[in-house]
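Here's a quick walk through a predicted protein model. Have the sequence and the 3D view open as you read.

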Amino acid sequence: MEALLEEVQRVGYVNKPVADDIDLVAEIKRLKQEKNAVILAHYYVDGAIQDLADYIGDSLGLSQQAAATPADMIVFCGVHFMGETAKVLSPQKKVVIPDLNAGCSLADSAPADKFAAFKAQYPDHIVLSYINCSAEIKALSDIIVTSSNALKIVESLPKDQKIIFAPDANLGRYVSKKTGRDMVLWDGACIVHIDISLEKLHKLRAQYPDAKFIAHPECQEHILSEADYVGSTTALLKYVVDSPEQTFIVGTEAGILHKMKQAVPHKKIIPAPASQNNTCACSECPYMKMNTLEKVYNCMLYEQPEIVVPEAVRLKAYESVARMLELSK
């Protein structure tokens, strides 16, 4: 076991070969029953993992599910900060993720020491942090928000309350514009959402003139100004399902298209184009794609890598997340 832990620390995941004759789906389901585990998956992970999950959602829904689950082990298929959030809310449960390397460019854009120094410059401000941040940033925050509830939470605060918003400056600008609140913004961003190409988007819209362009508020302002609808991942999914329109260009991570196509197979769903030339010509998160069925199987079999959050950090982070969950009811 010690050698396994050393390997996990070195490479970030359980690097054990999986026999070719193993039915990964069947084995994952068996391990789930055997270990009383629950599998949580973000909309951005591979479709095969979404199809296995007990719950699929965005950050708010996953946080709520993590807090509510009676399982002994939480298998979090997403990125590192999501596993941390589950551990913050369920310290008595074992939380494992398929790959520790599955980080987040947005979370990484706010190092705790630099953010603490930034916060100290504004002693009369409260800190609202987007959930896409580390446990250390959550511990330095007063209230956590998501793209689903940020507007509601900001509007619930007194008009004269001064606010720092971190770490996503694009989401912060969107919230500021919608609420009319002047907020101090930490300059962070998600590499996926800022990679959507305006030039390619214009060409795509010319090709599909009847398409509705829908976008996540982590996108840059000039992209959001083009959108027919702006919303969280879950809100985008609902819009596509409920709308009478038949064609959509979707401005967020392309993993959500899996669930959209399952929900409305008769509609045409097109990923917004990325500036980078990648395999899908769309916005893909390289960290979310580190989750594979093999890694899910190994992490459940060996119960590693395990998420550990120091108790002093967890308690402070818990307060800010708990306030969000209370305000989101």
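## A bridge between two strands

Isoleucine 214 has tyrosine 229, in strand 10, as its bridge partner. Strands here are DSSP E runs of at least two residues, helices are H or I runs of at least four, and both are numbered from the N terminus. Two strands pair if DSSP finds at least two bridges between them.

Zoom out and you get an open sheet of four strands, ordered 10-9-11-12, with parallel pairing. At the edges sit strand 10 (229-230) and strand 12 (268-271), each pairing on one side only. The whole chain has 16 helices and twelve strands.

## The chain overall

The radius of gyration, taken over C-alpha atoms, is 20 Å, which agrees with the value near 20 Å for a compact globule of 329 residues. The rule behind that is 2.2 Å times the number of residues to the power 0.38. Along the principal axes, the C-alpha atoms fill a box of roughly 55 × 50 × 35 Å.

Of the 329 residues, 56% count as buried, meaning under 20% relative accessible area with a 1.4 Å probe, protein chains only.

## How to read the numbers

Residues are numbered from 1 along each chain as its sequence is written, and side-chain values use heavy atoms, leaving out hydrogens and water. As the model is predicted, local features need pLDDT of at least 70 and side-chain atom pairs count only at pLDDT 80 or more, while totals for chains, interfaces and linings use all residues.

Note on methods: Buried means under 20% relative accessible area, exposed over 50%, partly exposed in between (1.4 Å probe, protein chains only).
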